[in-house]
Amino acid sequence: MKIIDRLKEDRIHISFEVFPPKTDETYDKVVSAVDEMAELRPAFISVTYGAGGGTSRNTVRIASHIKDDLHVLSLAHLTCASSTKAEVRTVIENLKELGIENILALRGDIPEGMTFPDADRFRYAFELVEEIRRHGDFCIGGACYPEGHVENEHKADDIRYLKQKVDSGVDFLTTQMFFDNDIHYNFLYRIREAGITVPVLPGIMPITSASQMKKSQELSGTMFPRRFLAILDRFGSSPKAMKQAGIAYATDQIIDLLANGVKNIHIYTMNKPDVAAAIMSNLSEIIKV
Ligand code: FAD
């Protein structure tokens, strides 16, 4: 089944993101976390894609396990910056053979020392979207950035390029993490005004430790509102308290989104089934409404 068809159902959908192991030694641990998460019956589970080697192979393996063994919709991420066009085509064909219908098409971060343009690589995600479309009848997702992508000085450029990406064949978008819902509402208003009409899944990252907050900020450049910083200041040095407060903060963000009419939400689980379960438990009655 295609994710876009699931999103068309008039009900709330909560989906999860997991990341594959970097080495084969930790494969079983990741799979058992994924198995636990599948029991929470998410709308789908997405699997991130690393740059080359074992990580990318494991993305396909885990996405396949989710679909075939756990009977949950899976979304395989695929990046293009760190692979040649031929390598990317091989992965797409592999996904097709395995019956994985849903791909999140990403550029990925540009490897250090690489200079674009490079005739042998796709330069932007929209080119990857066009390539995937050429290979078959996939449901294709794309990434978007409520606070703007770090490489763009002006948000207007970001939205212009996002429109180009969607027009090249994107069925739905998933956002980068954000911690102030007003930023998301403002972004939605701007992209709808720009004529982007596909479903947008806000990406919610439960921050359960001070170190995770630091990493998230480095990775995404996201802004942490004062309300969150106060939580970190008060509870950051107590792991159990910070975990509970982080789960509560993410739950609160989700409830606010749902109360404002958002129907589809993606949770960056960081491979922690207990965190995903705690959030789902906090929402148990809410998602039935
Ligand atoms: P693009 O859409 O290609 O955009 C990249 C930059 O180029 C933007 O600044 C954009 O505005 C600009 N741009 C686009 N088109 C044009 C154009 N025609 N001319 C000029 N400029 C243009 N990374 C991973 O490595 N693995 C993952 O699994 C992964 N999953 C992610 C999931 C989500 C939901 C998100 C939000 C991000 C994810 N990332 C992942 C990170 C992502 O790869 C990086 O943020 C990357 O820098 C941009 O990828 P993109 O697909 O958004 O690129």
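The legends below describe close-up views of one predicted model. Residues are numbered from 1 along each chain as its sequence is written, and side-chain values use heavy atoms, with hydrogens and water left out. Because the model is predicted, local features need pLDDT of at least 70 and side-chain atom pairs count only at pLDDT 80 or more, whereas totals for chains, interfaces and linings use all residues.

**View 1. The shell around the ligand.** The ligand is surrounded by 24 residues, each having a heavy atom within 4 Å of it, and the closest are Tyr49, Ala125, Tyr145, Asn152 and Lys165. This shell divides into 10 nonpolar, nine polar and five charged residues, where Ala, Val, Leu, Ile, Met, Phe, Trp, Tyr, Cys and Pro count as nonpolar, Asp, Glu, Lys and Arg as charged, and the others, Gly among them, as polar. At least two shell residues come from each of β3 (74-79), β4 (102-106), α5 (125-135), α6 (155-167) and β6 (172-177), and α6 gives the largest share, with four residues. Helices (H or I, at least four residues) and strands (E, at least two) are DSSP runs, numbered from the N terminus.

View 2. In the side chain of Tyr145, an N or O atom is 2.7 Å from an oxygen atom of the ligand. His77 has a polar side-chain atom 2.8 Å from a ligand oxygen atom, and for Lys165 the distance from such an atom to an oxygen atom of the ligand is 2.8 Å. Of the 980 Å² of accessible area (Shrake-Rupley method, 1.4 Å probe) that the ligand has on its own, the protein covers 85%.

**View 3. Phe16 in strand β1.** Phe16 lies in β1, which spans residues 13-18. Phe16 has a relative accessible area of 0% and is therefore buried, a term that means under 20% (1.4 Å probe, protein chains only). Although Phe16 and Ala86 are 70 residues apart along the chain, their C-alpha atoms are separated by 30 Å.

Key: A polar contact is a pair of N or O atoms within 3.5 Å; within protein, one must be able to donate a hydrogen and the other to accept it, and residues adjacent in sequence count only if both atoms are side-chain atoms. Buried means under 20% relative accessible area, exposed over 50%, partly exposed in between (1.4 Å probe, protein chains only).
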